[in-house]
Amino acid sequence: MAFKRIDGRKNSDLRPITAKIGVIPNADGSALFAFGNTIAIAAVYGPRLLHPQHMQDPETGILRVNYDLLSFSVNDRKKPGPSRRSQEISKVTEWALSPVLDLKEFPNTVIDVQIYIIQADAGTRTAGINAASMALAHAGIPMRNLVCSVAVGKQDKEIVVDLTKAEEDFDGGEGPTDFPLAKIANTDQYTLLQLDGKIPAERVSEVLTIADQAFANIYEAQKKALKEEFS
Amino acid sequence: MSSMKSAGITIDTFKKLFTAGKRFDGRGLMEYRPFEVNFEVSNCAEGSARVRLGKSEVIVGVKMNIDKPYPDSPDKGNLMVSADLLPLASPRFEAGPPKFDAIELPRLVDRAIRESGMINLKELVVTPGEKVWTVIIDIYPINADGNLIDAASIGAAAALKSAVIPGITEAGTPDYKHRTKKKLPLSDETLPLSITVFKLGNTLFLDPTREEEEASETRTTFGVSKWKGSYMINSCQKSAPVCLTRAEIEEIAKLLPKKYDELNERLKKFL
């Protein structure tokens, strides 16, 4: 029997994307990014003077990312406050976004990026990175380019793009694999590389190829939202 | 674990050396330091191992408790991995609440072991839905001289292999004084190992000393195992705000099976 995804998408199809700019008027830049039912919002504050003062670096500004789930964004209420998981995702998001920023232009400062997930259906870190990348652009921070992020997964032997929670919980054959990636748009520079599951080493190349079309679509959606905001 | 910034001159020196394919200790860029594994670090642990990888030394212990299963896996035992970067092990480690490195290390080891399926957690159920064994792997670096994640993963795999399940008292609690002879339900084929690839400038290299690690710009840890005859990547995480190119990722994917075989052969001699 031919392989079919739970929601009928083709292996290379993303869920419908929603991208909006300026969802938080108080912030210097803000954005919403959704993959289907996964909704992330991000706010950027800064560059602003870093406190406490002893943390300031006269050579460069720093990027500080905080990612978390809202308590009711998941079925079993998430206890508010940082967890080890959210601390790790905050850090990898920081690493995923920093390479496009030239923070040396803003010594002694911090750029705060706050990412919250309102509704979670897998792919929250990748939606968060896409939202944060748009929010940084909205804040007018000089960037080499936008960062685009998507999770590629594997269900048994089928490589699929942008998994839902139901697909992540797949349990059969080689099991589920979740392979979140981010890269600088229009380059072959990867800024996020994580993986959980089982994927044969020789199929990594195939994953990168299928992700490329997804990156292109995400980039278009991000650009479109930014252009609408500034036109 | 580079909590200290290297001087510019150190970084330049390493860049020059690495570009010429050389290292201070004469190793090739993709060559691991010699390692040895000993067992029975503590006779109070269910299993334990000491790994010396070059001058890096890590001890790993396995303890087991009886707990309730997690709500989302009522038919499975639990696995927990923790690490403490003791100030004993390095002038770079400080007392106090865990810093990010101390959170990341056990999570990377946890994912490599869990996703590989090395432990059959379904066989660790005592009373279905009520009581299951929790396997706790605790990692302590004793001397940190680079590449602690790979050393810790070797130690964790070895400690698991050596672990013996405790008895159960009439009250249903673990009986540590009367251990069974039963080993943990581990796969014969699947032995997860972590292989961490470091990058400085345009050079990739493995198993750095502390000085090399501190000079490196980024590291990416891969959990690798063999499953039904193929080499599987079970986990991966890139650190630091530096990119990897597609060509580099593809080069690493080719390298991993070879390095896995080499480390696995070396580890088998101790098991």
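Start with a pairing that crosses between the chains. Strand E9 of chain A (residues 189-200) pairs with E12(B) in the antiparallel sense, over 5 bridges. Strands here are DSSP runs of at least two residues and helices (H or I) are runs of at least four, numbered from the N terminus; two strands pair if DSSP finds at least two bridges between them. Within E12(B), B:Gln237 is the bridge partner of A:Gln194.

This is a predicted model, in which local features need pLDDT of at least 70, side-chain atom pairs count only at pLDDT 80 or more, and totals for chains, interfaces and linings use all residues. Residues are numbered from 1 along each chain as its sequence is written, chains are lettered from A and ligands numbered from 1 in the order in which they are written, and side-chain values use heavy atoms, without hydrogens and water.

Now widen the view. The contact (heavy atoms within 4.5 Å) takes 33 residues from chain A and 32 residues from chain B. Together the chains bury about 3100 Å², 59% of it on carbon and sulfur atoms. Buried area is the accessible area (1.4 Å probe) lost when two parts are put together, summed over both. In chain B, the most area is lost to chain A by B:Phe100, B:Cys243 and B:Arg246, together 20% of what that side buries.

Charges meet here too. Chain B and chain A share 4 salt bridges, each a side-chain nitrogen of Lys or Arg within 4 Å of a carboxyl oxygen of Asp or Glu. One of them joins the side chains of B:Arg111 and A:Asp196 (3.4 Å, N to O).
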